[in-house]
Amino acid sequence: QSQAKPNQTKAKAKMFSSSLQRVCIKSRARAARTMSTMRFAPSHEYIKIEGNVGTIGLTSQGLDALMGSAQCLGLPSVGNIVSPLKSCGHIESAKAAHIVFSPLEGEVLEVNNDLLAHPDSLNDSSLEDGEGWLMKIQITSPEYLNELMNKES
């Protein structure tokens, strides 16, 4: 029976503790990514993030600012690159217009053709029903993610 020296026992305990901390940190980060899939831009766009794909739409505050049914909708073409702080589309009603900005940089994968054909249906949609999205992008530069607001902001 050999007894472990006190220094060896402390070193093993410290190594185990360090490994446990790394596992906990990784678990918290994974949970935060899973829970934090929806972000909001000050210009009233939202982005729902699933993996590297972001679904962009207009928040209810943005819809309210239109002051009526959307009559005209312009969106980028599939394959276009969209960037934060640069306009990538527009929504117009009889009383107001909204310039669409992408919350993150990416390549447009898909646009909501149903909305392009019937822009007035945008006012009948919500974040929850998932019908009123404008476009889906392949996120290429997620570094702006931390600058966007979450639901608590």
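Where is the place of Ser141? Ser141 lies in strand 9. Strands here are DSSP runs of E with at least two residues, helices are DSSP runs of H or I with at least four, and both are numbered from the N terminus. Ser141 counts as buried, at 13% relative accessibility. Buried means under 20% relative accessible area, exposed means over 50%, and partly exposed lies in between, with a 1.4 Å probe and protein chains only. Setting aside residues up to four places away in sequence, Ser141 touches Leu104 and Glu105. A contact means heavy atoms within 4.5 Å.

This is a predicted model, in which local features need pLDDT of at least 70, side-chain atom pairs count only at pLDDT 80 or more, and totals for chains, interfaces and linings use all residues. Residues are numbered from 1 along each chain as its sequence is written, and side-chain values use heavy atoms, with hydrogens and water left out.

Now take the whole chain. The protein chain holds 3 helices and 9 strands. Along the sequence, their pattern is α-β-β-β-α-β-β-β-β-β-α-β. The protein chain has 153 residues, and 33% of them count as buried. Consider the contacts between residues at least 6 apart in sequence: 62% of them join residues at least 24 apart.

Two strands pair if DSSP finds at least two bridges between them.

Strand 2 and strand 3 run antiparallel, joined by 6 bridges. Lys48 stands opposite Thr55 in strand 3. The hairpin of these strands has 2 residues between them, and Gly51 there takes a positive phi near 70°. Strand 3 is also joined to strand 9, by 5 bridges, and these two run antiparallel. Thr55 has Lys136 as its bridge partner in strand 9. Ile56 has Met135 as its bridge partner in strand 9. Strand 3 is mostly covered, with 5 of its 6 residues buried. In a regular strand, side chains alternate between the two faces of the sheet.

A second open sheet has 3 strands in the order 4-6-7, again with antiparallel pairing. Its edge strands are strand 4 (72-74) and strand 7 (97-101), each pairing on one side only. From one strand to the next, the twist averages 15°. That angle uses axes that are lines fitted to C-alpha atoms, for helices over the stretch in contact, and angles run from 0 to 180 degrees between N-to-C directions. Strand 6 (residues 87-92) and strand 7 are antiparallel and share 5 bridges. Ile91 stands opposite His98 in strand 7.

What about the core? A nonpolar core is a set of buried Ala, Val, Leu, Ile, Met, Phe, Trp, Tyr and Cys residues joined through side-chain atoms within 4.5 Å. The largest one has 24 residues. Those with the most contacts inside it are Ile47, Ile91, Leu122, Leu134, Met135 and Ile137. The elements giving two or more residues to this core are strand 2 (45-50), strand 3 (53-58), strand 6, strand 8 (105-111) and strand 9 (133-141). Strand 9 gives the most, with 4 residues.

His44 sits in the loop between strand 1 and strand 2. Its phi is near 75°, a positive value in a residue other than glycine. His44 is partly exposed, with a relative accessible area of 30%. Leu85 is found in the loop between strand 5 and strand 6. Its phi, near 70°, is likewise positive in a residue other than glycine. Leu85 is exposed, at a relative accessible area of 79%. Asp64 belongs to helix 2 (residues 60-65). It counts as exposed, at 58% relative accessibility. Asp64 and Asn123 are 59 residues apart along the chain, and their C-alpha atoms are separated by 8.7 Å.
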